[in-house]
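Subject: Structure handover and notes

Dear colleague,

I am passing on the structure below, followed by an account of what I found when going through it. Please read the notes with the structure open beside them.

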Amino acid sequence: MVDKHKKWANIYLVFVFILMYAPIFYLIFYSFNKGDYMAGFAGFSWRHYIDMFADARLMQMLVNTFIVALLSALIATLIGLFGAIGIYNTKQASTKNVLLSLNNVLMVSPDVIIGASFLIFFTMIGLKLGFGSVVLAHIAFSIPIVVLMVLPRLNEMNPALIDAARDLGANSYQVLSRVVLPYAWPGILSGFFMAITYSLDDFAVTFFVTGNGFSTLSVEIYSRARQGIDLSINAMATLMFLLSLVLVIIYYFISNYSAANSKKKKGNRVVVH
Amino acid sequence: MNRKRTLTYTIPYILWLGLFVIASVILLIIQSFGNLNGHFTFSNYVTYFSSGTYLRMTFNSIFFAFIVTAMTLLISYPMAYVMSRLKHAQFWLLLVILPTWVNLLLKAYAFIGLFSKTGTINEFLSLIGFAPHQMMFTNMSFLVVAAYIEIPFMIMPIFNSLVELDKSYINAARDLGATQWQTLVKVIFPISIGGVKAGIQAVFIPTLSLFMITRLIGGNRVITLGTAIEEHFLVTQNWGMGSTIGVILIVAMILTMMLTRDRKKKGGKHGR
């Protein structure tokens, strides 16, 4: 009886996973099509990959996308890290709560609201839409996730560590670089990777603040997809899927590493008490 | 000394809070009271509430988001439950997360290939003897694609609430003579309600604002709040009206969050 349930449960599991992955593998499969459509597989060919790499505009977009992602993730990680330290150092509980809620506003806001309000903001301060506005927007929507990744690590840290470092004569810079940063490192890395994926994944906000001159891959894909099927996009999708696979694996190891660490800590604590 | 130093480093973060979180929302609200020439007016709100088109669009958007949320919940709850009972649960969770890292537009693009008149689904239908159907640019196609995109965001929070569930509750219920169904409805579901609410939040609000899917898959048949905002900002350049709809979307978002708030936490606060 129970076995029968288990069997159905497993069938359901496999079924949902197939549903979730079928469209993605369908895209990848047809990127190798000799023909020009996402139907009727005419035979294997690399031709769309060759087309893709020969497509200067698409390659330019790819470069743009990665520059924006790396630059915005780096800056967002720096700002978010010190933001998290600032929130951690805030003693008053009510101020802390206000800061945390404000931090999370952009996490829950719909993309269009973020895009529209940033567009108004950039226009008001007279910033020309283009590379600068896109990078600024990406930094802005990546900061909260960095804070959310770093803050738990800081909260887990035993405050006695900082006191001990102080007592042993460390100045604030040394406390930061020798104690706080190494401890928060897995959180900082996760925050950085999340910021990169947020940036790579974003379409809506970029679409609002990008103007005419500058564009990223997702905006380009959008305008091409509106015109119909173009199998170079499938080739690009395959590359991006492989890339996200790599990023997921890296992220998995980082989070496992920090989980293992904190488990050890928790274990110790239980023993001490 | 240290205090001051840390504060200096925190300045960019404070600036970000002030400019990108607080100021930009306030600017959006101010803009919603401006007409095409930038003068203060209530006319956007008057137009919004007196015109049948805007109200119908809003109702439609909420209705579609509601259906998408219900569809994803129906598929995701059993899925999350089965996953939470497996041995390498975290690995399966990773498999659920992975598709969310694929760009949303690429996923929508895949459905253009699947749904188009000469596409794979029609090919399959004609193979088993059905006439080809027009699937692109229909309400159904929008619902399917939106639900497909949102499923992982529903599974994740429900899974997290179920994986923490103490097995002894289930055993206790069974020992006391509850049937499997009763255990599910009276024990497991109430414990996981927090995850369900978080999932509803994570799906309902973004679905209200999805605009690229409506453009790519729904033709212009399905208009969500998000589509309307994009239209006003980037096509007709009527920022005032766009901002007004934006404010409506923010209100809808806050209402959703209040309705799906975790009551337990509130109770705890009262207790203190």
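Helix 4 of chain B and helix 7 of chain B are roughly antiparallel to each other, because their axes cross at an angle over the 145 degrees that this description requires. Please keep in mind throughout that this is a predicted model. In figures, the axes of helix 4 (residues 89–97) and helix 7 (residues 139–163) of chain B come within 10 Å and cross at roughly 165°, and the crossing of these two helices is left-handed. On the side of helix 4 of chain B the contact is made by A89(B), Q90(B), L93(B), V96(B) and I97(B), which meet P152(B), I155(B), M156(B), F159(B), N160(B) and V163(B) of helix 7 of chain B. Sorted by class, the residues of this contact comprise nine nonpolar and two polar ones, with no charged residue among them.

Helix 5 (residues 111–124) of chain A packs with helix 12 (residues 225–235) of chain B at an angle of about 20°, the axes being 10 Å apart. Helix 5 of chain A and helix 12 of chain B are therefore roughly parallel to each other, and their crossing is left-handed. Chain A contributes V112(A), I113(A), A116(A), L119(A) and I120(A) to the contact, while chain B contributes G226(B), I229(B), F233(B) and L234(B). The contact of helix 5 of chain A with helix 12 of chain B has eight nonpolar residues and one polar residue, and no charged ones.

As for chain B as a whole, it has 14 helices and zero strands, and its C-alpha atoms fill a box of roughly 75 × 70 × 40 Å when this is taken along the principal axes. In an unreviewed entry, UniProt lists residues 58–260 of chain B as "domain: ABC transmembrane type-1"; in the model this span is 77% helix and 0% strand, and its end C-alpha atoms lie 20 Å apart.

UniProt, again in an unreviewed entry, also places the feature "transmembrane region" at residues 12–34, 54–79, 91–115, 135–159 and 238–259 of chain B. Among these, residues 12–34 of chain B are 91% helix and 0% strand, with the end C-alpha atoms 31 Å apart, whereas residues 135–159 of chain B are 84% helix and 0% strand, with the end C-alpha atoms 33 Å apart.

For chain A, the "transmembrane region" annotation in UniProt (unreviewed entry) covers residues 12–32, 66–88, 100–125, 131–154, 175–197 and 235–254. Residues 12–32 of chain A are 90% helix and 0% strand, and their end C-alpha atoms lie 30 Å apart; residues 100–125 of chain A are 88% helix and 0% strand, and there the end C-alpha atoms lie 27 Å apart.

Finally, a word on charged pairs. The count over all chains comes to seven salt bridges, one of which is formed by the side chains of R57(A) and E220(A), at 2.9 Å from N to O. This pair links distant parts of the chain, since R57(A) belongs to helix 3 (residues 56–89) of chain A and E220(A) to helix 10 (residues 217–227) of chain A, 163 residues apart.

Technical notes
Residues are numbered from 1 along each chain as its sequence is written. Chains are lettered from A and ligands numbered from 1 in the order in which they are written. This is a predicted model: local features need pLDDT of at least 70, side-chain atom pairs count only at pLDDT 80 or more; totals for chains, interfaces and linings use all residues. Side-chain values use heavy atoms; hydrogens and water are left out. Axes are lines fitted to C-alpha atoms, for helices over the stretch in contact, and angles run from 0 to 180 degrees between N-to-C directions. Helices (H or I, at least four residues) and strands (E, at least two) are DSSP runs, numbered from the N terminus. Angles under 35 degrees count as roughly parallel, over 145 as roughly antiparallel, 65 to 115 as roughly perpendicular and the rest as oblique. A crossing is left-handed if the near helix is turned anticlockwise from the far one by less than a right angle, and right-handed if clockwise. Contact means heavy atoms within 4.5 Å. Ala, Val, Leu, Ile, Met, Phe, Trp, Tyr, Cys and Pro count as nonpolar, Asp, Glu, Lys and Arg as charged, and the others, Gly among them, as polar. UniProt positions are given in the numbering used here, feature names are shortened, and annotations may be inferred rather than shown by experiment. A salt bridge is a side-chain nitrogen of Lys or Arg within 4 Å of a carboxyl oxygen of Asp or Glu.
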